[in-house]
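Welcome, and thanks for stopping by. Shall we look at a structure together?

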Amino acid sequence: MFVHFTARTSHITQIAAAAGEEHFSCFVFPKIPISPKSTSITGISVKNGNMFHHGKKVDSTSISTAVDMLLNFFEKFQRKVVLVGHNVESFDSPILIYALDSCKKLNKFSNIVEGIFDTLKFFRMERPGLISYRQEFLCQHLAGIDYDAHDASNDVISLQSLFRHLNIDLCKANDSCRSASFTIASAVDFYKFSNVIQINLPSLQPSISKKIISTSIAKKIAGSGLQYKHLELAFNRDPVEGIYSLFSEQCGKSV
């Protein structure tokens with residue numbers, strides 16, 4: 001099942017999915033203002049309480065209702081589904097997990113969806129050396145498909161058409177397919193890890209600015225649940241060994 005979410009930051013404005021000849025699409029009324037830059041990319045805008053797509057008024061719904069509609073669409077197939085999308089691991093899935101968590105639908109989603117397949121990772125492994133791996137380029141370069149990008153429905157249909165043109169069968173899993181796939185559990189873990197980083201990282205920003213630690217190390221520190229105050233406390237307890245002892249604590253199989 002091919003799926004796409006049009007969003008700004010963590011707020012979904014359009015959801016679309018396709019499975020065979022079955023299609024689903026809906027617009028989601030945003031809870032925060034849409035920036036002019038986002039409007040120029042997606043064509044979505046809001047004026048006087050109404051939602052527009054490329055200047056045409058469209059029906060929209062709340063994110064909670066949209067999530068229910070999406071899950072109902074999945075349930076039509078009476079079996080667990082695999083979601084397929086482009087750049088879904090780093091972009092779409094965290095946004096979707098956030099929406100599902102906010103609507104308290106994460107458990108239901110996990111019972112319906114078996115896994116997620118990222119076509120960006122897949123094509124980078126299957127077609128190395130291309131000048132671009134943007135979906136628009138892949139569709140045009142590999143299948144001669146031109147379409148209006150950044151529209152969720154068009155993105156879904158074009159990606160589905162690309163797979164059909166290339167006769168890609170996900171049921172015949174190879175190394176590329178396996179490497180481009182991830183479980184819902186791992187997506188949820190990544191979402192929770194990202195939330196912890198977002199909470200703790202600001203306290204480490206002065207140390208990053210002073211080049212005491214790199215941004216990547218700071219994210220690891222923040223992701224482990226530590227803030228600057230914890231480092232300061234460890235140092236004050238033992239200026240020589242405090243920080244070393246804190247960073248050496250076993251957490252599962254690693255420090």
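Predicted model: local features only at pLDDT ≥ 70, side-chain atom pairs only at ≥ 80, totals over all residues.

Guide: Residues are numbered from 1 along each chain as its sequence is written, and side-chain values use heavy atoms, leaving out hydrogens and water.

Visitor: Are helix 3 and helix 9 roughly parallel or roughly perpendicular to each other?

Guide: Helices here are DSSP runs of H or I with at least four residues, and strands are E runs of at least two, numbered from the N terminus. Helix 3 (residues 88-102) and helix 9 (residues 184-200) pack at about 85°, their axes 9 Å apart, where axes are lines fitted to C-alpha atoms over the stretch in contact and angles run from 0 to 180 degrees between N-to-C directions. Since 65 to 115 degrees counts as roughly perpendicular, the two helices are therefore roughly perpendicular.

Visitor: Which residues of helix 9 make the contact?

Guide: Contact means heavy atoms within 4.5 Å. Helix 3 brings Pro 94, Ile 97, Tyr 98 and Asp 101.

Visitor: Now the strands: what is the bridge partner of Lys 47 in strand 5?

Guide: Strands pair if DSSP finds at least two bridges between them. Strand 4 (residues 44-47) and strand 5 (residues 50-53) run antiparallel, joined by four bridges. The partner of Lys 47 is Asn 50.

Visitor: Which residue takes a positive phi in the hairpin of strand 5 and strand 6?

Guide: Three bridges join these antiparallel strands. Their hairpin has two residues between the strands, and the one with a positive phi near 50° is His 54.

Terms used
Parallel < 35°, antiparallel > 145°, perpendicular 65-115°, else oblique.
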